[in-house]
Amino acid sequence: LYVSSPANRNLSWESTKTTNLGLDFSVLNNVVSGSLDVYNKATSNLLGYMQTNALTGYSSVTGNVGDLNNKGIELSLTTINIKKGAFKWSTMLNMSYNKNKLVNVTSAYNTTEGYLRIYQSYVKGYPAYSVFAYKYKGLDNMGDPQIQLKDGTITKSPYVTSTADVEYKGTTQPKVSGGLTNIFNYGKWMLSANAVFNLGHVMRREGNLLYTGDPTHSNFSGNFHSDFGKRWRKEGDENTTNVPSYVSDSYTSYSRRDVNYYTYGDVNVVSAAFVKLRDISLSYSLPSYILKKLRAEQIVLRSQVSNIMLWKANKYGIDPEFQEGNFGTLTMPVGQKTFTVGINAQF
C-alpha cells in the first residue's frame with residue numbers, strides 16, 4: 001500500500017455565483033418557439049491539480065487552483081417547417097457560445113521558463129485549458145528545429161526561452177458548440193438526423209516522437225509515425241520539410257538542440273473545429289391490427305447509423321473527439337460509423 005496523494009487541509013468547496021437573463025418565446029401559433037439565455041458565472045476556489053514542492057515527495061495535490069469567470073449565450077430553437085396531412089417536418093437547433101477567463105490562479109511556484117509555460121493549462125488572464133506554443137522558424141542546415149524569441153532572435157539553443165517567448169494559440173474547449181436535429185414523420189414512419197458541431201478551439205496534433213536513440217522495444221513502442229519518413233536527412237531538406245533530423249547519439253542530440261521546439265511549435269497547433277453526424281435513425285411503428293394479433297401495446301422497428309464525420313477543419317485526418325488537445329495524444333476511436341438495428345416492444 002502507498003499514499004497516492006497527500007492530504008490538503010486547505011482544500012475548500014468550489015462555489016459558483018450565476019447571473020442569468022432568459023427569454024422564452026413562441027410565435028406563429030407555436031410554429032417557431034425557443035429560448036434565449038445570457039449568463040455570467042463566477043467560480044471561486046476552482047478544483048484542480050496543483051504542483052507542489054518536489055521535497056514533499058509528490059508532484060501534485062488536489063487543491064483550489066483559482067477563480068474562473070464564464071460568460072456566454074445559449075439558444076434553443078424549434079420550428080415546424082411543414083405540417084400537411086400525415087407528413088410533418090420539424091427542426092431543433094441548440095447552440096451556445098462561451099468565453100472564460102482565469103481571473104486568479106493559485107500556484108506553488110512562479111513560472112519563468114518557456115518550456116514550463118508550454119505545459120500549463122491554467123494561466124492567469126487566459127482561458128482555462130489554454131494552449132501555448134513556440135514560434136517555429138523551420139530547420140537549420142543540420143536538421144535542427146529553430147524558434148523565434150520575443151526580441152526577434154532566431155535560435156536552436158535548448159532551454160533559453162522565457163514565458164514571453166511562447167505564444168497563446170487558443171483553448172482546447174470549444175467556443176461555439178451545439179446540435180441540429182431534423183425530424184420527418186409520415187404516418188407510422190419517422191426519420192431523424194442529428195448533427196453536432198464544435199467550433200473555435202484548437203488542438204496539438206500528434207507527430208513523430210523518434211529523434212534520437214535506438215528504437216528498441218524497451219524505449220519505443222508502437223509503429224513509427226508517418227512523419228518519420230518526412231524527416232530531414234541531408235543539407236537542403238530544410239527547404240522542403242519541418243520535421244527534425246534523426247540523430248542516433250542521444251548526447252549529441254540533447255546537447256545541441258531541443259526537438260520540442262518543433263513538437264510544441266505553433267506549426268503543430270491546428271483547428272479542432274468539426275461537424276459530425278451523430279446519428280441518422282429510421283423507425284417504423286407496427287399498425288394496431290398487427291399489435292392486436294401479437295397482443296402488444298407497441299412494437300417499433302428501428303435502424304441507426306452513428307458518428308459520421310461531415311467536416312473537420314484540420315488537414316491531417318484527425319478526429320478532434322479522440323485527440324488530447326494540449327499534448328497531442330491520440331486515443332482509440334470508438335463507436336465510429338456504427339450501424340445498429342433493434343426492436344422496441346411493449347406488451
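The structure is a predicted model, in which local features need pLDDT of at least 70 and side-chain atom pairs count only at pLDDT 80 or more, while totals for chains, interfaces and linings use all residues. Residues are numbered from 1 along each chain as its sequence is written, and side-chain values use heavy atoms, with hydrogens and water left out.

The overall picture comes first. The protein chain contains 4 helices and 18 strands; here helices (H or I, at least four residues) and strands (E, at least two) are DSSP runs, numbered from the N terminus. Its radius of gyration is 27 Å, well over the 20 Å that the globule rule gives for 347 residues, so the chain is more spread out than a compact globule. For this comparison the radius is taken over C-alpha atoms, and the rule is 2.2 Å times the number of residues to the power 0.38. The C-alpha trace spans about 80 × 50 × 50 Å along its principal axes.

Of the 347 residues, 36% count as buried. Buried means under 20% relative accessible area, exposed means over 50%, and partly exposed lies in between (1.4 Å probe, protein chains only). Among contacts (heavy atoms within 4.5 Å) between residues at least 6 apart in sequence, 66% join residues at least 24 apart. The chain carries 35 positive and 25 negative side chains, and the centres of the two sets lie 11 Å apart. In this count Lys and Arg are positive and Asp and Glu negative, with His and the chain ends not counted; the place of a charge is NZ of Lys, CZ of Arg, CG of Asp or CD of Glu.

Three strands form an open sheet in the order β6-β7-β8, with antiparallel pairing. β6 and β8 stand at the edges, each with a single partner strand, so one side of each is left without a neighbour in the sheet. Two strands count as paired if DSSP finds at least two bridges between them. Strand β6 (residues 136-139) is joined to β7 by 2 bridges, and L139 stands opposite P145 in β7. The hairpin of β6 and β7 has 5 residues between the strands, and G143 in its turn has a positive phi of about 80 degrees.

H201 sits in the loop between β11 (189-199) and β12 (202-204) and is buried, with a relative accessible area of 6%. Leaving aside neighbours within four places in sequence, its contacts include T171, P174, S271 and A273. L282, in strand β14 (residues 274-285), is partly exposed at 37%. L282 lies 89 residues from A193 in sequence, yet the two are 9.0 Å apart in space, C-alpha to C-alpha. N40, in strand β2 (residues 32-51), counts as partly exposed at 27%. N40 and V3 are 37 residues apart in sequence and 39 Å apart in space, C-alpha to C-alpha.

Most residues other than glycine have a negative phi. N30, although not a glycine, has a positive phi of about 70 degrees; N30 lies in the loop between β1 (15-27) and β2 and is partly exposed at 48%. R295, another residue other than glycine, has a positive phi near 55 degrees. R295 belongs to the loop between α4 (288-294) and β15 (298-312) and counts as exposed, at 74% relative accessibility.
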